[in-house]
Structures are given as structure tokens and as C-alpha cells.
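Here is a colleague's note for a first reading of the model. Please keep the sequence and the 3D view open while going through the points.

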Amino acid sequence: MSTKSTDTVDERIGSESLLSRLMKRPELGAIAGVILVTIFFLITADSAMFTLSGVLNFLTPSSQLAILAIGAAMLMIGGEFDLSIGSMVALAGLFFSVAVVNFGMPLFMAIPATLAFAAAVGSINGQIVVRTGLPSFIVTLAFLFILRGLSLVGLKLATGGSTQLRGVREAVEGDFLVPFFSGDAFPGFFAWLASIGWIETFKNGVPKVTGIPVEILWSIALVVLATYVLLRTPVGNWIFASGGDPEAASNSGVPVKKVKISLFMLTAACAALLAIIQVLDAGSTDARRGFQKEFEAIIAAVIGGCLLTGGYGSAIGAFFGSIIFGMVVIGLTYTDFDQDWFQVFLGGMLLLAVIFNNMIRKRVTGER
Amino acid sequence: MSDAIVHMENIEKRFGPVIALAGVSFDVSAGECHCLLGDNGAGKSTFIKTMSGVYKPSAGSILFEGKEMNFDSPRDSMEAGIATVYQDLAMIPLMSVTRNFWMGREPTKGKGLFKRFDIDRANEITMAEMQKMGINLRAPDQAVGTLSGGERQTVAIARAVYFGAKVLILDEPTSALGVRQTSNVLATVARVRNQGIGVVFITHNVRHALAVGDRFTVLNRGKTLGTATKGNITAEELQDLMAGGQEMATLEGSLGGTV
């Protein structure tokens, strides 16, 4: 944002230091967190963690979480929660698998259908929250169970009693859209990098890293798009306003209800995108897909600077929050620590982030 | 008056068995500040909410520039040119001044998919409009939460004026403010009135009303107790009308005439 100074300066207003300007950015905490965690693992972890393959190794789960967390962050900025996104991943995975396996749909039909289905479920969430005025926490908690249950029942119906649906990989074999949603991107480029000796190869000349996992590219595309929408479009302003104070926003002519319902649809569609990527990757789906991911996504969003009360936060923050998450989960396997420290770390990180965010909010709003 | 921008005739409003307004008439002309005074529960809020389209009157008519209007929503009245600045609901503290100023009416540039919030122009206009109102912002991205109560009111008023309000309804703009901030807001009200905007100033503070008002209407128990013009009424008379006369007289005696 521009920082043009006015012609006449109020003598009581001191100039702002760079630090206090930075402090106002919601993503600051998450970026600082990434740096801290990186330093921690540089000291404690095996050096393999920060080779190219090691980095991609932790960025893959990070970016899968980021796809959810960016949607969750947008919704949180808009003043609502969605606890049902984890279950949505399972249900969308089921819908997608059934479309591909049982109905033999090509991906160019199955993918938009899955996204539309998820968005429709999201809009039900949104309609209920907006119309009843109930807290989204409780409405989507109900959907956490409803959708998980539907996924289980649906899976058994689709498979004749099993809780796993296989055969997705065979069903989509040769589909022109597969490379966009699964595997590694830019294999040719990486093969070339290997051939000129810039990246490591196995003994037979095959590069150790064959490309960038597509989910990383998807999450980067999403974070760029979400940030653009939030900071540079009228809709972005409406999202902040709807979360900051729905009544003031609606008095000023912001279509608060539409904004909120659309955000619920977006969050559910993000869950569906993750489901499609995961199902294509695994070649099957099961009822535990996305289990507890809603909490991880919300934690990533909070670490990324989103306030639980809405109206403040950033997609970039949620992205970095997810990276912290992936780094810790995967990073601990490179160290001598017991991996179960992960949960302790997670809780501690969340607590720190909330305290930090609260401090920032007071600073921004001038509360004392 | 014939040149009134808004003329409210015999407005009645009932909520079930409760009669909130029992035939209130009120009008405001361009370039005038018409104060609506009343104690808590007199029906001031119901009345302005009817005027700004939040409630539909149970009976009576609203004439806007001579034409009968039927506001279905606050948006309708806003589009007609009636802007309401609510005491506490005007601004979102976590958002920047610019984002608050343009909320719901963001300027855009570009076309189609590339239509985007023209933040530079928005910042520029916001800074200029705020300076006209006598507020120097540190930066347009300063959060509204860092402004004082009076400054927030001023941002809200500046916003309404910029977006072409013909009538500005101010709901108790000074009731939560300190002395200095109150005079700033009153100065802003005077400035806005001199620009030719009709101001409806709701308050229960007689001195604030007398400072900027041209006409004064007192509301008590859902009825108007008459309208007085500037110079024809004293603070004490207004106070008595608002309180409904007798009890206040005895109270005032015991308080030594300081209320």
C-alpha cells in the first residue's frame, strides 16, 4: 500500500518505525515461525532434510494442508468457521471416486462435478449459519459428523460393504487431466537439470527428484489468487468487512450473507480439490480421508495470523502456517526426538500464535 | 415547509401492542440542521430507523423531494440520498480508514476478470476528504481502531457526504465523546450543513443541540411536543419539554439546577 505523506503533518504523530509497520502485517508471525522452525531443524536434524528432495518431502504435506488452510483462512477472515472440511474431504473423495470408477466419467466431467457437489454442500452449511444466526462452530460441528457418516454409509453402498473404494488409478489411466492433479510437474526440466549435474541423481542417472509435486503448485496458485482477492478486489474488502462487523458492513451496503455463503462454498471446494489430488495419488479412497484435517487447517490459519473473531488475517499467513506444520511433522523424523513430540509442539505453537495475534489486534485497534 | 427534502407526515409505528410512534411529523430542508431531542425511550431510534428504511411505518407517509417514498430496506433510502451515521456501528476498527471509507462502494479499475479495487485512487481520495474535515491521517492504511471516537464519527460523516447524501441522520454522535471531540464533531456538522446538506441531529444533550441546530423538535412518549426555531427557545424550556415537565422541575430543584 502506498504511504504518501500529507502536506501538513500533525505534530503529535511520531513517525512509524519499520518494525511497527511490519508488526501490522498479519502474516508476520507465521513467517517468523518458519524461520524459527528452520533454525531449529538446521541445528537438530540430519542434513538430508534440507536437500532438494528433503525440502519437497516436507513441502508436499505442507501444501496439501495449505489448500485447506487457505480456504479456512478466507472463511475465518469472513467471520465464520468450518469444522466440516475434514469430513468434506472424505465425502468429496467418495463422490469423485464413484463418479470415476462406478460411472466411468472422464476427469473433465468428474472434477467439475466434484467441486460443484462440494460447493453445494458448503452452501447448505452457509445457508443454515446465515439464516439461523447460530454460531458456525456448532452448525459445522454437526456437519463434521453428518458428512463423515455419509461418507462411511456411501462407501459401503458403492463398494458393497467395504470402507475402501479402489480402482481409481485404472479408471483414469491415460486421461489428459491426470498430470495436472497428480504426480510431479516439469519432469523434463528436472531430467535436464540432472543431465547437467545441477541436481542429484541415482547411480543409473535418474534424478532423485523427478519434478515438483502438483499440490505444491496448486497451493501456490491458490495463495496468490486468495491474496489478490483479499487485498486488491472489492470482494476482498467485503470479506474483511463481513468478518469485522457484519452489521456495520451490511449498513454500508455489503452483501454480507452472500459473501459468507460464498466463503463456505469456497472452503468446501478447497476440500474437494484436496480430495481429488489425494485420491488420484493413492488410487483409492477410504472413509478416514481428511480425518481431523479441519483442526489442522484452522490451526494453520491461526498461526498465519487469522483472528478467531474474524475480520483480520491473511492467506499468505495460512500458507506459511501450513509449512510450519509440514516441517515439524516430517522434520522430527530427521531428528533423534520421539515423533510424538509433534502434538506437544503443535499445541504450544497454537497457544503462542493466539497470544501473539491478540497482542497484534490490540496494537492495531489501539485498545489498551 | 414546501422546500423540505424529507417530509415525514403523521408517522405511526406499532410493535404488536406497543405503540412506539403515535403520529409524528417531521421535516428537514437543505442546509438546515434539525435537531430531534428526546429522553431515552421517547421513540427517537424508532423514528430514525423508519426514516432510514430499517422499519416500515404502520401508518403515515414519507415524502422525499415531494414524492411519496416506500423504503423497503436501508439500501433504498441510501440510494435516495438519506445517509445514517449510527453511534457505534459506523466503522470496523480492524480495517484501514480507506477500506472503511469505501466499504460497499469500492472504486475499481480494469475490466472483466481483471476488475480490481483501485487502491491508489481510494487512498488518495480518502486522504483528501479527511483533510477537508480537518483530520490528518498518518497514512490511509491506518486502522480505524487507532482513531478517537470523534474522528471515527468524522470519517463516517465524510463518507456519507462524499457519496452524495442529501440528508444526513446523525444518531447521538456526541453522546460518548469528550469535550474537545464533541466540539470537533459539532464543527463538522456545521460544515456539512453549510454545504447544503440537510442534517437530522439526534441527541438528548440540549447544549449540543443549541450549538448547531436551526430547528428543534422534541419527542416524548412517541409524540412530538412541537417544533421551535433557533432563538425562540431556551435550554431550560427544551430540557423541560424533553423530561415531560413536572417531575423534572422537582428533580432539578434538588440538584441545584445543574442538569
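How many of the 259 residues of chain B, as a percentage, count as buried?

1. The share is 48% of the 259 residues of chain B. A residue is buried if 20 or more other C-beta atoms lie within 10 Å of its own, exposed if 12 or fewer, and partly exposed in between, with C-beta atoms placed from the backbone.

2. This is a predicted model, in which local features need pLDDT of at least 70, side-chain atom pairs count only at pLDDT 80 or more, and totals for chains, interfaces and linings use all residues. Residues are numbered from 1 along each chain as its sequence is written, while chains are lettered from A and ligands numbered from 1 in the order in which they are written.

3. Chain B contains nine helices and twelve strands; helices (H or I, at least four residues) and strands (E, at least two) are DSSP runs, numbered from the N terminus. Its radius of gyration is 19 Å, close to the 18 Å from the globule rule for 259 residues, so chain B is as compact as a globular protein of that length. The radius is taken over C-alpha atoms, and the rule is 2.2 Å times the number of residues to the power 0.38. Along the principal axes, the C-alpha atoms of chain B fill a box of roughly 65 × 40 × 35 Å.

4. One open sheet of chain B has six strands in the order β6-β9-β10-β3-β11-β12, with mixed pairing. Two strands pair if DSSP finds at least two bridges between them. The edge strands are β6 (82-85) and β12 (223-229) of chain B, each pairing on one side only. Inside the sheet, β3 (residues 33-38) and β10 (residues 198-203) of chain B run parallel and are joined by five bridges. L36(B) has I202(B) in β10(B) as its bridge partner.

5. Helix α6 (residues 179-194) of chain B lies across β3, β9 (167-171) and β10 of chain B, at about 155° to β10(B). Axes are lines fitted to C-alpha atoms, for helices over the stretch in contact, and angles run from 0 to 180 degrees between N-to-C directions. Two residues are in contact if their C-beta atoms, placed from the backbone, lie within 7 Å.

6. A second open sheet of chain B has four strands in the order β2-β1-β4-β5, with antiparallel pairing. Its edges are β2 (18-29) and β5 of chain B; each has a single partner strand, so one side of each is left without a neighbour in the sheet. Nine bridges link β1(B) and β2(B), and F15(B) has V18(B) in β2(B) as its bridge partner. Helix α1 (residues 44-51) of chain B lies across β1 and β2 of chain B, at about 120° to β1(B).

7. Two residues deserve a check of their backbone angles. Most residues other than glycine have a negative phi. N10(B), however, has a phi near 50° and is found in strand β1 (residues 4-15) of chain B. With 13 C-beta neighbours inside 10 Å, N10(B) counts as partly exposed. E65(B) also has a positive phi, of about 50°, and is found in the loop between β4 (59-64) and β5 (67-69) of chain B. E65(B) is partly exposed, with 15 other C-beta atoms within 10 Å.
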